[in-house]
Every structure is written in structure tokens, then in C-alpha cells.
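Student: I would like a close look at the ring side chains, please. What pairs up, and what sits over a ring?

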Amino acid sequence: MAAPAPQQTPAPPPPQPSAAQQRVQTLIQQVEKAYADGQTDYKKGDLAAARSDFDRAVDLMLISGIDIKSTPALQDEFDRIVDQINSLEMDALKQGNGFTPKTEATPAEAASDVTFVVDPNIVAKANADLATTKSDLPLVVNDYVAAYINFFANTTKGHNTLLHSFQRAGRYRSMIQRVMSEEGVPQDLIYLAVAESGFQPRAVNARSRAGGMWQFMPYGNYGLTRNGYVDERFDPEKSTRAYARYMKYIYSQLGDWYLSMAGYDWGTGNIQRAVEKTGYADFWELYKRNNLPGETKNYVPEILAAIIIANHPTQYGFDEITLDPPVLTDTVTINYSADLRLVSDIVGAPVDELIALNPSLLRLITPPDTEFDLHLPAGTAALFQEKIAAIPESKRNSWRYHKVTPDDTLASIAHTYSVSVSALAVANQLDQTAKLDGIESLIVPVAPAAAPSAHTVYYTTRRGDTLVSVADRFGVSLTQLRRWNKLPGTGVKIVAGRRLHVAEPTLVRTSSHIRHGKGKAGSTREIASADAPAHEPSSTSHGSRSKTSSSRSSHTTHSGKPASSKAAHRAGSTKHSSHSTSSSHAQK
């Protein structure tokens, strides 16, 4: 009889992780999910969404309340995720500006180092095309204009930059045409945006800090609000209206659209003095006599070339133009401070999309105690108004909405947003032990970020800080934080003890004080008198003006006509008293 098998002692059950360990494991799973989402978006080429996902992965760890340094598993996860994000961002730089959409060079910048060749065939062709070119500006073709047409039509660099400008114009064309019509200026003035920004509303000149689609300088009052929250130079419609009014004002001074375009680039006062010096109120005469700086010499021919090509695209090799679809939004005017993250929660649009729809915002919150036109994805205004009403007005700059998932509990949501369970329960009129079955969303009472100061604000980093967490804490963008502190465009790590510039001072302007600023080559920008007549700019060259019909200019002076013409007379006798300093719109 076989001996019975020895009875084996069952193995002890594996030790159960502690509550703290479970919390770390759950957090790491959430981080991995956010990082995986970012990888998916990155592979699809959606860099903006990838950046948002990667930022969320890092933020989950930073706002968890767990000491990363003293938790080996979380420290390993943090280092691994940050290193992988840095590596992917370096790869993304080859596609654009890291995870930030790339700002492309304008046609003017692309042509800055080009030696132009005049092709007689181009001159003849363009002159023939003038007969069928419809424009409310006077058009001519000469060697200077033909050289730009040749550059745009027959070089890869010139062709691509102009093509992309034309494509982007589709986003704003109808809006610009409407504003131009309302302000009574020629429709073809739209093509100054080709030279200024290539129709990129967030374009900024690195040297002069001129910004926006129409490249207004960062000083002076142009009827555009600039403070610690907004810079309306970047608002497509408001800056376009300011531009139209400014051009109308310049034309009232010079009486000639070519000189007005040159004045927009170099300054009205400088053009007036060049006319007085030479006796010729004619752009081409000033060009030939070398009385204009190089940038301004090229400015007008470049714009005329763009107008001619836009009217005859296929004849110059632009038959592949597909206009970007117009930007369609719902707009709600609010007079309270609202965090874009809360707006994102409500309307279901990524924060990056809201930033793109509201390019004038400098922070992630709208300005307090003043009206702001908040642009939302089309069809979401009613939803926004309904949901925002549940948030106390004074809390809309920090509180959040959270869409409840099946795995959520009051404790897990409170932990995600670094709020207490009791505060979360009170905000939603729930018991702290309440289940979330049947609840669609919760209001989350997040503490507000630091507000703008009258002075520049600095912050000394602590252990565990990253650029992402610091930017989020102070309600600024990662791009701003890097720019203010001259930090590299990649990576989010920052050493402890680093003193960072984290907020710009709030700017205060008064309408009675006219500011002038130096531009390129010693020139300065001219600002209209605060006591200008009602039909001219009020306190700025962008103030209200009467509307007139758009038409071909009847004041265009002919090449070689001496300065006894209307334009020259104005140049010598109609300057406002506050215009003793010469104007320079965009010394870029």
C-alpha cells in the first residue's frame, strides 16, 4: 500500500499592498494612460493634442500630493515619462516648433536674402494681365514688381511661402473683407498681411516685438487693449479694424495709396520728409532716388506682386491653392474672469483649441471686471451659458467641471484636483460618503492661481517642480515661461532653487498720454493726436473714422510729378501737433 503523499502547507497569500501603495499604483496607471494617449496623437501628427496629453501625464504626478522624491516607484515613473517626452519633443522639433505649432516665415522674410532677376517675359505677361485684373488699388507693373512676381512664381522658396499665405488667408478672408468694407478702405489692402505676417495672427517679430497679423508694435495706443491678460494685437478681427482705420488715417495724410503702404512700414513722418526733401510725392521716384530704406523699397512691390498673382493664380503656377476653411465660432461676451480649463471642461474642446480661437489671451484666464469676447467652438454657446451659471462668478477663474466616469469616487476626484473631499462634497451638495451613480458631472472647487501683479512676479523653484507645474500654478503658458526666462524650447525639467519670472506686470495706459517708440534705423512710430477731429483717429491712429466707399484712388500722383501735388501739400502742412515725432508702424 502506497504511503500517503505528504500534506503540503499552502503558501501564504501574497502581502496586500498598503493603501499608500495602491494609491501610487493607481496614479501610475493614470499617468501611463495619459502618456499613451499622447503617443497616439503624436503618431497621428496632432502635436498640439500630444502636448496636452503629455502635460497631463506630468501634471497627474505633480498635483497628486505624493512626495515623488521619497516614493521610488513614482520617482522612476516621473523620470521615465519626462525623459521620453523630452525625446519625442526633440523629434517633433524636426517637424515644427516642438509640440507648439510652427510659425512660418512670411514671404517678405523668405525674400530678404534673395537676389532678384528681372525677366522681360514676366514683365510683358504681368502687364498684359493688368487689363483683366480687378483691384480697388492702382496697379502698375515695372521691373521691381516683376522681380517679385518672378520670385514667387519661379522659385521654390518664394512659391511655397506665398502659397501658404494664400491658403491661411481662407481662415480670415471673409472677416477682413467685411471689416474693410465697413471702414471704407480698399479691399486689396488685405494683401499687406502677406508682407506683415503671412496671415498668422500670433506672429511676433523676434527683434522688434511687433506682433499680430498686422504687426503692430508693442507700444503706443492703437485702439487695441494691452494688459496683463490680453493683447488685442493678436485678435484677428479687432486688429484688422485697427489696421483699416490706421491705413485710412495715413491716406488722409499722404493722399496716395503707394505712399500710404510705405508709410505703414516706415512711418508717415518719414515719408513726408522724404517727399519734402526730393520734391516728389511719388513712391517710385523716392525708390529710384534711394530715399527709402531697403525694407520699404521692397514692401510695396511685394504687395503689388501678390495682388496680381492672386488675381491670376493659375498663370503663375498657383493652381493648387486650397483655402483653409473659415474660422467659425460662437462668441459670448463676458465680464468676469474664466479659466480656459473650466471652459474646456464645459464645451468639451481641448484647451489648445480654445487658445487658438482666442489668440489675444496672454493667460489661461480671461480678464476680470471687464468685457471680453470669448470665442467658443461653433454651436457651444448655449451649453456654455447653461453650465457656467452653476459656478459662482467669483470662482470661475479656478473651479473646474469634472465629467464622472464609472470608476470615480469623491475621494479619487478630490485627489486628482488636490482638493479636500469635504470641499468637493459641499460644492456639490453631497454627503462625503455619497456614491456617484447617476451623477453626470461634478463642480470641483480648485484654489485660484496667482493673479497678475503691478510688478513682475518671480518664483523660486522647489524640489519636484517642472516648467509645466510652474506654468499651471501661475496660469501662464509654457511658451511664455520659456520666453520670459530665456529657457530652451524643449524639456520641462527645472532645478530646485532657480528663480523664475512667472508673471508680467499689469500695464496701465491713459488716453491723454501719447507714447512714441524707436523703430528701425532710428525712426519712431507716430500716434495721432488725442484731440483729433471726430472723423479721424481718436487718441490713436486706430480710432473711429467715418465710412467712405472703396474706390480706385483719385489722388495717385504720377511718376515724376513734383511735390506741388495734393500729397506733397499735405506732407508739408497737415501734420497734427502731436506728430512731431515721425511714425514707424512696423519696424520689424
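Tutor: Start with a charge over a ring: NZ of Lys or CZ of Arg must be within 6 Å of the ring centre and within 35 degrees of the ring normal. Lys125 meets this test over the face of Tyr316, at 4.6 Å from the ring centre.

A word on the source. This is a predicted model, where local features need pLDDT of at least 70, side-chain atom pairs need 80 or more, and totals for chains, interfaces and linings use all residues. Residues are numbered from 1 along each chain as written, and side-chain values use heavy atoms, without hydrogens or water.

The protein chain has an average pLDDT (the predictor's confidence in each residue, from 0 to 100) of 78. Of its residues, 76% score at least 70.

The protein chain has 588 residues, and 52% of them are buried. Buried means under 20% relative accessible area, exposed over 50%, partly exposed in between (1.4 Å probe, protein chains only). The chain folds into 21 helices and 6 strands. These are DSSP runs, numbered from the N terminus: helices are H or I of at least four residues, strands E of at least two.

On to the rings themselves. Look for aromatic pairs, and you will find 17 of them in the structure. Rings of Phe, Tyr and Trp (its six-membered ring) pair if their centres lie within 6.5 Å; planes under 30 degrees apart are stacked, over 60 edge-to-face, the rest tilted.

Take Trp214 and Tyr243. Their pair is stacked, with 3.9 Å from centre to centre and 5 degrees between the planes. Where do the two partners sit? Trp214 is in the loop between α8 and α9, while Tyr243 belongs to helix α9, so their pair ties together parts that are 29 residues apart in sequence. Trp214 and Tyr243 are both buried.

Compare Tyr258 and Trp284. Here the ring centres are 5.8 Å apart and the planes lie at 85 degrees, so this pair is edge-to-face. Tyr258 comes from helix α10 (residues 257-266) and Trp284 from helix α12. They are 26 residues apart, so to speak of this pair is to speak of a link between distant parts of the chain. Tyr258 and Trp284 are buried too.

One more ring residue deserves a look. Phe199 is in the loop between α8 (192-196) and α9 (236-254). Its phi is near 60 degrees, a positive value in a residue other than glycine. Phe199 counts as buried because its relative accessibility is 1%.

Asn290 is placed in the loop between α12 (283-288) and α13 (294-311). Is Asn290 buried or exposed? Asn290 is exposed, because its relative accessible area is 54%.

Finally, go back towards Lys125, which lies over Tyr316. Helix α5 covers residues 120-130, and its buried residues are Ile122, Val123, Ala126 and Asp129. On the face turned away from that buried side, α5 carries the exposed residues Pro120, Asn121 and Ala128.
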